[in-house]
Amino acid sequence: MRVAPKEIQSFRDDFTYTNSAAAIERFPFPFPEDEYRYSVNIEAHQPKGGEGSAFEHYIDIDEHYLSEMAERELVLKDMPNRCLVMEHMDLACWEMLERYMVSLAEDYPEHFTLTRDGDSWRWENKLLHIDDHFTFGDSATLPRPPLDYIGRQVQGDFALMDQREGNLFMDAGMVTCPADWSLAFDAGMSFDEWHGPVPMVHNEGIIDRARKYLMALPVGQPVRRLNWTLTVNARMDTSSETYNEWGHERASITPENVGEKIYLRVEVQVLDRMPRSNAVTISIRTYLLSLEDLVTNKAWAVRMHRTMKTLPEALIHYKGLTRFHGMVVDYLAQFDPAN
Amino acid sequence: MSTIDQIDVKVVAIEQVAPMIKAFTLEPLKGELTPFSAGAHVVVEMDGSEQRYRNAYSLMSDPNDNRQYQIAVRLQETSRGGSIYMHDQVALGDELKISPPANLFAPAWRAKKHILFAGGVGITPFLSYLPLFKQREVEFELHYLFRSHQTGAYSAELAAEFGDQCCCYDADQGKRCDIAEVMSGQPLGTHFYICGPESLIEAVRATAEEMGIPASAIHWEEFAGAKPGLPFKVELSRQGIELDVAADSSLLEALEGAEVDIPNLCRAGVCGQCVCNVTEGEVEHRDSYLSDTEKQSGQVIMPCVSRAAGGRLVLDI
């Protein structure tokens with residue numbers, strides 16, 4: 001990791017969250033062209049961007065690690081059902097724990113150590129002062145069930161999909177920083193069901209193709225895609241359950257504060273096949289960058305303006321941007337020489 | 001990153017397990033293999049002197065064993081070369097390349113009971129089901145149909161290990177399986193699996209339909225890959241080249257022969273990875289991936305199994 005974890009900042013109340021210059025530089029800016037359009041946009045989850053890039057490792061640990069882990073504890077304390085696991089997903093959860101521990105220990109040896117002797121494992125997380133011995137596969141030997149345990153030590157949300165009946169079902173997950181959705185609501189749904197509300201994609205057959213693609217995902221060949229939205233304030237937990245706490249903030253945007261209060265929210269979603277259970281895991285790693293930090297990169301500022309300007313009406317509504325989309329475009333226009 | 005490309009393996013054992021079937025045990029040249037899920041397959045790449053073959057084979061070893069994989073290959077009379085190569089050319093100590101495992105034929109774990117129909121070498125994916133069925137103590141029956149003059153690998157061992165749960169039907173001894181009798185009287189929530197020739201798959205599906213068993217409770221895997229057809233020409237419009245597809249070669253193999261890289265997994269018209277866009281020419285669709293609407297549109301083809309219906313195709317490649 002080129003960006004060392006810094007002291008805990010908040011994603012609620014006083015919103016002390018900030019991005020360092022290094023964090024801005026490595027932000028996974030999601031728009032490859034001026035006009036935004038939907039696509040399946042899946043690529044192999046291979047290293048990209050070199051040393052320090054957000055795509056350098058299987059899991060990206062950055063300067064916000066301690067802050068995001070503290071925020072996750074707050075959410076789970078309030079709403080334990082943000083972590084849900086159906087009984088038949090136990091093996092898949094252990095496989096996810098294995099995949100994460102192995103790759104964290106390999107990629108960040110200064111922070112994480114995994115020692116394995118058959119099924120006797122020792123896990124050290126120096127960032128969170130954790131040192132546990134346990135038996136792989138035996139949940140009674142861990143302080144918490146496997147997903148709950150590892151989920152509190154890795155940035156991002158997680159969902160695990162069971163593959164059966166020609167479909168994928170969201171049967172386990174830990175979701176504390178979703179972009180306006182709810183695990184408790186989607187749990188047990190099929191791929192087609194939880195994508196039901198997404199506009200524009202159904203006629204184009206995008207959901208069908210994406211589902212078929214994921215169902216054929218082989219072991220050891222993870223893929224990633226980017227998704228994005230805009231969020232008011234640096235709020236990680238914009239879940240459906242807490243809408244009453246954040247929905248009204250959309251009305252607080254003015255032309256004066258739009259650059260400071262609107263954040264581009266990018267999700268790096270990594271999909272991976274678990275070898276024994278045949279489950280597909282998805283990790284959804286969220287990055288937040290304020291517009292005023294974003295426009296410090298001139299190319300991004302121009303691209304962001306053009307993308308926002310050409311965004312289809314249906315998407316503006318679906319992503320919940322209606323109240324402030326115009327102000328965002330006006331703010332960004334000053335950075336686009338074409339205007 | 002935790003990615004696996006092709007895996008280099010060494011053949012550490014070859015065993016004639018039936019008159020027409022050889023079993024191959026594969027060990028990685030370095031490190032460990034990944035565990036896999038019941039029903040998974042790998043694609044084996046064979047470098048023949050004139051041609052490179054790629055065939056998909058079910059893994060039949062214990063899914064939890066990450067030291068070695070086992071596959072079984074039946075010598076196919078109408079083989080386009082792969083199975084002949086495995087039988088005649090591959091020797092102990094040889095090195096092969098395999099893909100990481102993928103699974104298009106996993107057990108439906110929520111079923112109340114599992115009925116397995118294996119035809120000949122179609123026993124292979126079920127051999128990886130059985131250790132897990134045993135471990136999870138699920139209810140199952142294995143109905144194994146074969147001709148002992150050709151196939152029937154492991155039938156004695158299976159009968160000894162599973163007793164009443166395993167019924168063997170050796171057609172060369174005049175023993176036939178009454179599919180309707182097996183399927184009738186099974187508890188609600190039973191799932192049925194078939195791996196074998198098309199005739200067996202069709203027989204079970206037809207019986208299920210007569211009995212009102214829902215299609216979602218029937219699962220099958222055809223072990224046949226591409227079948228031969230008439231030769232044709234294919235033009236790759238973007239690359240500006242034209243290729244000949246021989247009668248006993250698939251379109252995908254012809255593309256690979258010309259170093260055109262097409263992603264693929266199952267090589268049997270199931271996974272959908274190798275789909276190509278067609279701009280001219282009629283397609284003889286032989287896959288089970290594309291929807292009827294897509295097939296009728298004539299705009300896409302699965303080159304692993306499907307061919308030109310006429311003498312020429314133009315692909316947008």
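Modeller: Let's start with burial: buried means under 20% relative accessible area, exposed over 50%, and partly exposed in between (1.4 Å probe, protein chains only). This is a predicted model, where local features need pLDDT of at least 70 and side-chain atom pairs 80 or more, while totals for chains, interfaces and linings use all residues. Residues count from 1 along each chain as written, chains are lettered from A and ligands numbered from 1 in written order, and side-chain values use heavy atoms, without hydrogens or water.

Colleague: Okay, where does B:Arg205 fall on that scale?

Modeller: B:Arg205 is partly exposed because its relative accessibility is 35%. B:Glu202, at 41%, is partly exposed too.

Colleague: And how do those two side chains meet?

Modeller: Opposite charges can pair when their charged atoms come close. B:Glu202 and B:Arg205 form a salt bridge (Lys or Arg side-chain nitrogen within 4 Å of an Asp or Glu carboxyl oxygen) at 3.6 Å, N to O. Both sit in helix H5 (residues 198-211) of chain B, 3 residues apart, about one turn; helices are DSSP runs (H or I) of at least four residues, strands (E) of at least two, numbered from the N terminus.

Colleague: How many salt bridges does the structure hold over all chains?

Modeller: There are 44. One of them pairs A:Asp157 with A:Arg72 at 3.0 Å, N to O. A:Asp157 is in strand E6 (157-164) and A:Arg72 in helix H2 (65-78), both of chain A, so the bridge ties together parts 85 residues apart in sequence.

Colleague: Are A:Asp157 and A:Arg72 buried or exposed?

Modeller: Both are buried. Compare A:Arg306 and A:Asp336, whose closest N and O atoms are 2.8 Å apart in their salt bridge: A:Arg306 is partly exposed at 27%, while A:Asp336 is buried at 4%.
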